[in-house]
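Thanks for making the time this morning.

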Amino acid sequence: MKSVFYLLDSAPYGSEKAFGALNAAAVSLAGMRVTLGLYGDGVYLAVAGQESKKLGVPNLSDILYSYGELRVLVHEPSLIERGLFGETFIETLELADEEDFLEEMESFECVVLF
Amino acid sequence: MKTLTIVLTDGPYISEYAEIACKLADSALEQYQVNIFLYLDAVHIPKKGQTPSFFTSAGELFTGLAEKGAVIRACARCAAARGYIAEEENENGSNCRDYLPGIKISSLYELAEMLKKSDRVISLPR
């Protein structure tokens, strides 16, 4: 396979899933077309100004900034449903409506869920 | 021969996914090379000494798959975080003394390599 879409629908700091998805996406960048899709509670990862020091876990937005070549697509309806649409987002991310998000997912050879 | 990769992220017993993956892999082995990548809590699946009272031992199911030719690898970072340490490969075909035969700890980069070589990918997260 030459392309993989990682789909994250879990909140960034409640479990290891977001950290795991980011790492898996990062190692796949060598030789594959990779997109990380944020859906459902996964869209909380898109919000700028994350501070995780007190949680004792890595700041996941720093990882996103470190892998600027990783395409990250944010499901806009999930943002709206959570009242996040007015927030400031990490600049490198792209928003997509339902149709575009699905179209992007369908263009990949495989989808790995987190 | 075509290649199927299964990605697991759940530990054993908390969900049916380990058992489902095992059934899928067992059938697929008839016509596919099967790879299984154990990520996050799934690195607990191959632990030795599991004695569940009411379930089939997930570890025994997976070591059986390895015997049949499935390539089963566990993420090194996830494994180390949970106390499973990679060492020299032993006579059982594992590189972890706490793991059942045939299942090895390897780098996360191996997940990317498995995906690249695959014709089909199944991920089973909870």
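Predicted model: local features only at pLDDT ≥ 70, side-chain atom pairs only at ≥ 80, totals over all residues.

**The sheet of chain B**

Let me begin with chain B, where five strands form an open sheet in the order β4-β3-β2-β1-β5, with parallel pairing. At the edges of this sheet are β4 (103–106) and β5 (120–124) of chain B, each of which pairs on one side only, and from one strand to the next the twist averages 25°.

Looking at individual pairs, β2 (residues 32–38) and β3 (residues 71–75) of chain B are joined in the parallel sense over four bridges, and here Leu38(B) stands opposite Ala74(B) in β3(B).

**Chain B as a whole**

Stepping back, the secondary structure of chain B comes to four helices and five strands, and along the sequence these follow the pattern β-α-β-α-β-α-β-α-β. The radius of gyration of this chain is 13 Å, close to the 14 Å that the globule rule gives for 126 residues, so chain B is as compact as a globular protein of that length. Along the principal axes, the C-alpha atoms of chain B fill a box of roughly 35 × 35 × 30 Å, and 48% of the 126 residues count as buried. If we take the contacts in chain B between residues at least 6 apart in sequence, 71% of them join residues at least 24 apart.

Two residues in the loops of chain B deserve a remark on their backbone. Most residues other than glycine have a negative phi. Tyr13(B), although not a glycine, has a positive phi of about 75°, and this residue sits in the loop between β1 and α1 (17–28) of chain B. Leu40(B), also not a glycine, has a positive phi of about 50° and lies in the loop between β2 and α2 (58–67) of chain B. Are these residues buried or partly exposed? Tyr13(B) counts as partly exposed because it has 17 C-beta neighbours inside 10 Å, whereas Leu40(B), with 25 C-beta neighbours inside 10 Å, counts as buried.

**Chain A and the contact**

Turning to chain A, five of the six residues of strand β1 (residues 3–8) are buried, so this strand is largely enclosed by the rest of the structure. Six bridges join β1(A) to the parallel strand β2 (residues 33–38) of chain A, and Leu8(A) stands opposite Leu38(A) in β2(A). The chain passes from β1(A) through α1(A) to β2(A), in a β-α-β crossover that is right-handed. Four bridges also join β1(A) to β5(A), again running parallel, and Cys110(A) in β5(A) is the bridge partner of Val4(A).

Within helix α1 of chain A we find Ala21(A), which is buried, with 29 other C-beta atoms within 10 Å. Leaving aside neighbours within four places in sequence, Ala21(A) is in contact with Tyr6(A), Leu8(A), Leu36(A) and Phe114(A).

Finally, how many residues does each chain bring to the contact between them? Chain A contributes 16 residues and chain B contributes 14 residues. On the side of chain A that touches chain B, α1 (17–28) and β5 (110–113) of chain A each supply at least two residues, and α1(A) gives the most, with six residues. By class, that side of chain A has 10 nonpolar, four polar and two charged residues.

Notes: Residues numbered from 1 in each chain as written. Chains lettered and ligands numbered in written order. Pairing = 2+ DSSP bridges. Axes fitted to C-alpha atoms, helices over the stretch in contact; angles between N-to-C directions. Contact = placed C-beta atoms within 7 Å. Nonpolar A, V, L, I, M, F, W, Y, C, P; charged D, E, K, R; others polar. Buried ≥ 20, exposed ≤ 12 C-beta atoms within 10 Å, placed from the backbone. Right-handed = clockwise from strand over helix to strand, strands pointing away. Rg over C-alpha atoms; globule rule 2.2 N^0.38 Å.
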